[in-house]
Amino acid sequence: MSLTRSIIVTGGNSGLGLQTARHFARDPATEVIIGCRSAEHGLSSVAEIKADGGHATWLQLDLASQASVRTFVEAFHKAELPQLYALICNAGSQNVGVPAKTKEGYETTFAVNHLGHYLLSRLLLPDIVEGGRITIIASGVHDPAVRTGMPHPSYSTAQAVAHDFSLGRTAGLRRYTTSKLCNVMYGYELARRLAASDNARLNSIRVNILDPGLMPATGLARSFPPHLQWVSRNLLPLLRFVMDNVHRPEVSAQRVADITTGPMAEPGNRYFSDGKVARSSVESYDERKWLELWESSAAMTGLPDC
């Protein structure tokens, strides 16, 4: 069977991203593009997928660098890969150490988790085929009503979030939960704009947002102290026996597929948690914040706000 479509998975070299890439690569008509920083890890993941009989390509992508995002899109165009069917905005960063700043001057958790994906998805919109898909991986930690043990998000404006360099572990975790709120709000605003478009192709693209649940030992704890990394690797996986919405990456990868290419993709513009349609946080439905986030993100990435 010839290759007929490409699916891009950011952070497709490990954890949920790798399992998602492996799942999509089981379709013999699909070329999976893994976007990640490390050539070693990216090529290793490609080799693993090819060993299972799938088709995969690695393209370098550092979501903390807007130049890298633009270079990734250029490389995708030059690679003459099959037409783009879906974009999975999966890669994430959680920094509880000393806050870091991107070359553009933005806090890295916000830059990686939201701003890089905002730029990437907007640059790729002209490439996504009619009936294509965009899936955004968010998290239940964006919702104060969900008991996660994480600090509640704090969102006033995107510029404030982008320039929050407060010290301390709690501040780092709060930046993460706030970035996940940004994922949800961006997903809703993107879906709204596509649905309102008079361009038939854009109007047909479906956006869905997923809380994949707690997936211990997937790499998000890499900025934690060594003893907490050990807890994440060895003890947190046991929570799936006593708590809801705790899953192995393979389970959450199936759910990514269900809302992207499977039976739950239509009608789009929905938030999913624990394998079903759910309500996101009260704040995430504030349309004024959707618009402010969109326009501020456009300004920060040098894109038009329309």
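1. Buried is used here for a residue under 20% relative accessible area, exposed for one over 50%, and partly exposed for one in between, with a 1.4 Å probe and protein chains only. By these cut-offs arginine 174, with a relative accessible area of 23%, is partly exposed.

2. The model is predicted: local features need pLDDT of at least 70, side-chain atom pairs count only at pLDDT 80 or more, and totals for chains, interfaces and linings use all residues. Residues are numbered from 1 along each chain as its sequence is written, and side-chain values use heavy atoms, with hydrogens and water left out.

3. Helices (H or I, at least four residues) and strands (E, at least two) are DSSP runs, numbered from the N terminus. Helix H3 has 13 residues, 66-78, which should span 18 Å at 1.5 Å a residue; the expected span is 1.5 Å times one less than the number of residues. The end C-alpha atoms of H3 are 19 Å apart, in agreement with that value.

4. The buried residues in H3 are Gln66, Ser68, Val69, Phe72, Val73 and Phe76. Seen down the axis of H3, they fall within an arc of 165°, so they line one face of the helix; the arc is that of the directions from the helix axis to the C-beta atoms. In general, an α-helix has 3.6 residues a turn, so residues three or four places apart point the same way.

5. Contact here means heavy atoms within 4.5 Å. After H3 comes glutamate 80, with a positive phi near 55°.

6. H1 and H2 pack with their axes 10 Å apart, at an angle of about 35°. Axes are lines fitted to C-alpha atoms, for helices over the stretch in contact, and angles run from 0 to 180 degrees between N-to-C directions. On the H1 side Leu18, Ala21, Arg22 and Ala25 meet Ser45, Glu48 and Ile49 of H2.

7. A search of the whole structure finds 14 salt bridges, each a side-chain nitrogen of Lys or Arg within 4 Å of a carboxyl oxygen of Asp or Glu. One of them joins arginine 22 to glutamate 48, with the closest N and O atoms 3.0 Å apart. Arginine 22 lies in H1 (residues 15-25) and glutamate 48 in H2 (residues 39-51), so the pair ties together parts that are 26 residues apart in sequence. Arginine 22 counts as partly exposed at 26% relative accessibility, and so does glutamate 48 at 31%.

8. Aspartate 164 forms a salt bridge with arginine 174, the closest N and O atoms being 3.4 Å apart. Aspartate 164 sits in the loop between H5 (158-162) and H6 (169-196), and arginine 174 in H6, so this pair links parts ten residues apart in sequence. Aspartate 164 is buried, at 15% relative accessible area.

9. Glutamate 266 and arginine 206 form a salt bridge with the closest N and O atoms 2.9 Å apart. Glutamate 266 lies in the loop between H9 (249-260) and S7 (270-273), and arginine 206 in S6 (residues 206-211), so the pair ties together parts that are 60 residues apart in sequence. Glutamate 266 is partly exposed at 42% relative accessible area, as is arginine 206 at 22%. Elsewhere, salt bridges that share partners join Glu107, Asp164, Arg174 and Arg175 into one network.
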